[in-house]
Each structure stands twice: as C-alpha cells, then as structure tokens.
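Subject: A structure for you to explore

Hi there,

Here is the structure I promised to pass on to you. Please open it next to this email, and then read my notes with the model in view.

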Amino acid sequence: MGSYLRPTELGDALAALGTSAATARAPRAILAGGTDFYPARVGRAIDEDILDITALPLGGIDDRGDHWRIGALATWSELIAAKLPPCFDALKLAAREVGGVQIQNAGTIAGNLCNASPAADGVPPLLAMNAEVELASAAGERRVALGAFITGNRQTARRADELLTSIRIPKPAPGTASTFLKLGARRYLVISIVMVAATIEPDERHQVLRARIAVGACAPVARRLASLESALIGQPIDAGLATLVAPEQLRQALAPIDDVRGSAHYRDDAALTLVRRALAELGARMGANQ
Ligand SMILES: Cc1cc2nc3c(=O)[nH]c(=O)nc-3n(C[C@H](O)[C@H](O)[C@H](O)COP(=O)(O)OP(=O)(O)OC[C@H]3O[C@@H](n4cnc5c(N)ncnc54)[C@H](O)[C@@H]3O)c2cc1C
C-alpha cells in the first residue's frame, strides 16, 4: 500500500498533490465519497498514494451574490435537502436518481464530475446551468467551464497537482427554471441510456431569453444542443416549445453511440422523445407560473 494522507488544511492537500506530481511516482489518487473510487479498484490491491479530502473545509452550498458555489465535498443528499431556486430543479432531479440513498449520502457532486463517466447524471444539469469548476494547486487557482473540463470518457482537464475545490454556477435571469429526465433500463438504481437537462431563462415578456439543453450518455462527453438553443430564443414559453425540436438536427448534433445499454438508433429515438418531453413539461410549468 502507498501512503495515505487525510489533511485538514487545503494548503497541506495542495502541497501533497504538488510533491507527488513533481516525482516519477504515479500521481496521488484523490478520494472523496469513494463511490466511484472503490468500485474502480475491485479485485486489486490499492497500492497508490492516496489523498483523502474528506476532512478539508470544502463543504456547503452557498449563495455568493452573483453566483452559487457548491463545495467539493457537498453530497447529493445535501443538495436534495438544500433550499434552492427553481434553476436548480434539474440538478435536484438528477440527484434523486444517483444510485440509492446510501450512494447519495456518500457521493459528492464534484466526484461525479471528476470521474467523468459518459453516464454521469450530474453533468447535463450543470452544463445546462453554465457551470464552471474551480481548480486549485500550490501554484494558484483557475476556473474552467464545465464543457471544457470534461475532455473525454473518464478524462478531464485537471492537472495531477490540482484539486477541484468548488463548482460555480452563475445566477441566471429571474424566473429561470430547469428540468431533467433520465432513461435507464429500469426506473431506479440504473445507469443512464440517455438523459436530458433543460434550463430556460425568461425575459420580461415571458419569451425565451436564453435556453441551455444538454444531453448525456449518448457520446463520451455530454453535449449541448446549440442550434436548438438558438431556435428557442424569442419563443413564447409554453408547452409548444417542444414542437421546435427538429429530429434531423438533433441526430446530427448527438451522433449517438452503440453500446450494451442501447443502439445508436434507439438512443436517437429516445433522445428526441426526452428533449421534446423536457421542453413540453418545462414550458407548460413556466407558462402556468407566469
Ligand atoms: C451502486 C452505485 C450506483 C451509482 N449510481 C449512479 C447513478 O445513478 N448516476 C451517476 O451519475 N453516478 C452513479 N454512481 C457513481 C457515483 O456514486 C457518483 O459519480 C458520485 O457522485 C461520485 O462521488 P464520490 O464523492 O463518491 O467520488 P469518489 O469515488 O471519491 O471519486 C471519483 C473520482 O473523482 C476524483 N475526485 C473526487 N473528488 C475530487 C476533487 N474534489 N478533485 C479532484 N478529483 C476528485 C477521484 O480521484 C476519483 O477519480 C453510482 C455508484 C455506485 C457505487
């Protein structure tokens, strides 16, 4: 077994990451809730150097004036229990679908992003919230848009000496709401075949000011639907938003994968249905609250 560290100060954690990144040894592995970490190591001895971050002061979900901050140690259960505006609905709906309650109690939202699974349920809602991640190292801090942070299947732009310290969500226009839909092979405790998150920001005339729609589990990295988002701008917010989803455009934007959970053809069909449902449900809900 390698060395195990559980610092209580961020500076000590960053120094440890910096030291191991500068040596020829494998980078120190970061451990948060462990719900992805341990399953990835089943059947083999854990011989890496480990940095357990669970004693660091990186918890909480706070309102920071012009943005929201989700600390690196905030769990899915904390998010579900937090009092948050309707722009968080998509992320809260996703949280309720991450494993069961035990997983939600231990698993962190940041761990979901750093693990960068194509089926990570936190990614589409956070893409639809325009989230950024804050990365810290002994050399300083930087912010990276979530869309640029996840670079491939289980690959991120995080350097070995960096720790993701928080997720930053810019505040959207007043009245913004969001939704999330997940399709799996059964209702609960299931890996997504397709999931969709949609956020609509309204203007004063109750038309779409900005829309962000992200689809996950169809490609190595979840994708935003830029042309659909543009087509929605200026449209009245009601269930009719669903009629603006063009099947061919969606197919081209997603180019879904074939795998054991579903064929590309099935994913095409499922993504179209889910995007339409998400917009119909969100448009109707926002229309009714006008
Ligand atoms: C039974 C079961 C069911 C599950 N169901 C779902 C599901 O339905 N949907 C879903 O999306 N996921 C699911 N998961 C996966 C997992 O629970 C989530 O991805 C969870 O959010 C991971 O968080 P964690 O804190 O446990 O991360 P960990 O396992 O501690 O870490 C995950 C990865 O991220 C890195 N890491 C963690 N925190 C940081 C940080 N702050 N900075 C840098 N790197 C970091 C770790 O080094 C590791 O590589 C399931 C897992 C299990 C075991």
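Let's begin inside the protein. The largest cavity is lined by Ala116, Ser117, Pro118, Ala120, Val123, Pro124, Ile150, Met195, Gly216, Pro220, Val221 and Ala222. Please keep in mind that this is a predicted model, and that the values below are computed from it. The lining of this largest cavity divides into 10 nonpolar residues, 2 polar ones and no charged ones. Its volume is about 50 Å³. How many cavities of 30 Å³ or more are there? The count comes to 3.

Next, the sheets. Four strands build an open sheet, and you can trace them in the order S11-S12-S13-S14, with antiparallel pairing. Why is one side of S11 and of S14 left without a neighbour in the sheet? S11 and S14 (223-224) stand at the edges and each has a single partner strand, so one side of each has no neighbour there. Between S11 and S12, which run antiparallel, there are 7 bridges.

S1 pairs with S3 (residues 50-52) in the parallel sense over 2 bridges. To find this pairing on your screen, look for Tyr4, which stands opposite Ile50 in S3.

Now please look at strand S5, residues 67-71. How many of its residues are buried? The count is 5 of 5, so the strand is mostly covered, with buried meaning under 20% relative accessible area. In a regular strand, side chains alternate between the two faces of the sheet. In S5, His67, Arg69 and Gly71 point one way while Trp68 and Ile70 point the other way, and all are buried.

S5 has partners that you can follow one by one. S4 (residues 61-63) is joined to S5 by 3 bridges, and the two run antiparallel. Asp63 stands opposite Trp68 in S5. S4 and S5 form a hairpin with 3 residues between them, and Gly65 in the turn has a positive phi of about 85°. S5 is also joined to S10 (residues 163-170) by 5 bridges, again in an antiparallel run. There, Gly71 stands opposite Ser166 in S10.

S10 is mostly covered as well, with 7 of its 8 residues buried. S10 also runs antiparallel to S6 (residues 132-137), to which 5 bridges join it. Within that pairing, Leu135 has Leu164 in S10 as its bridge partner.

Cys87 sits in the loop between helix H2 (76-81) and H3. Is Cys87 buried or exposed? Cys87 counts as buried because its relative accessibility is 6%, and the cut-off for buried is under 20%. Leaving out residues up to four places away in sequence, Cys87 touches Met129, Pro172, Thr176, Ala177 and Ser178. Cys87 and Glu201 are 114 residues apart in sequence, yet their C-alpha atoms are 8.8 Å apart in space.

Leu189 is found in the loop between S11 (177-183) and S12 (194-202). Leu189 is exposed because its relative accessible area is 52%, and exposed means over 50%. Which residues does Leu189 contact, leaving aside its neighbours within four places in sequence? They are Gly99 and Gly100. Leu189 and Asp203 are 14 residues apart along the chain, and their C-alpha atoms are separated by 38 Å.

Enjoy exploring, and do write back with any questions!

Best wishes

Conventions
Residues numbered from 1 in each chain as written. Predicted model: local features only at pLDDT ≥ 70, side-chain atom pairs only at ≥ 80, totals over all residues. Heavy atoms only, no water. 1 Å grid on protein atoms, 1.4 Å probe; cavity = no way out; pocket = protein on both sides within 12 Å on 5 of 7 lines; lining within 4 Å. Points joined across faces, edges and corners; volume = space filled by probe spheres on them. Nonpolar A, V, L, I, M, F, W, Y, C, P; charged D, E, K, R; others polar. Buried < 20%, exposed > 50% of the residue type's maximum accessible area, 1.4 Å probe, protein only. Contact = heavy atoms within 4.5 Å. Pairing = 2+ DSSP bridges.
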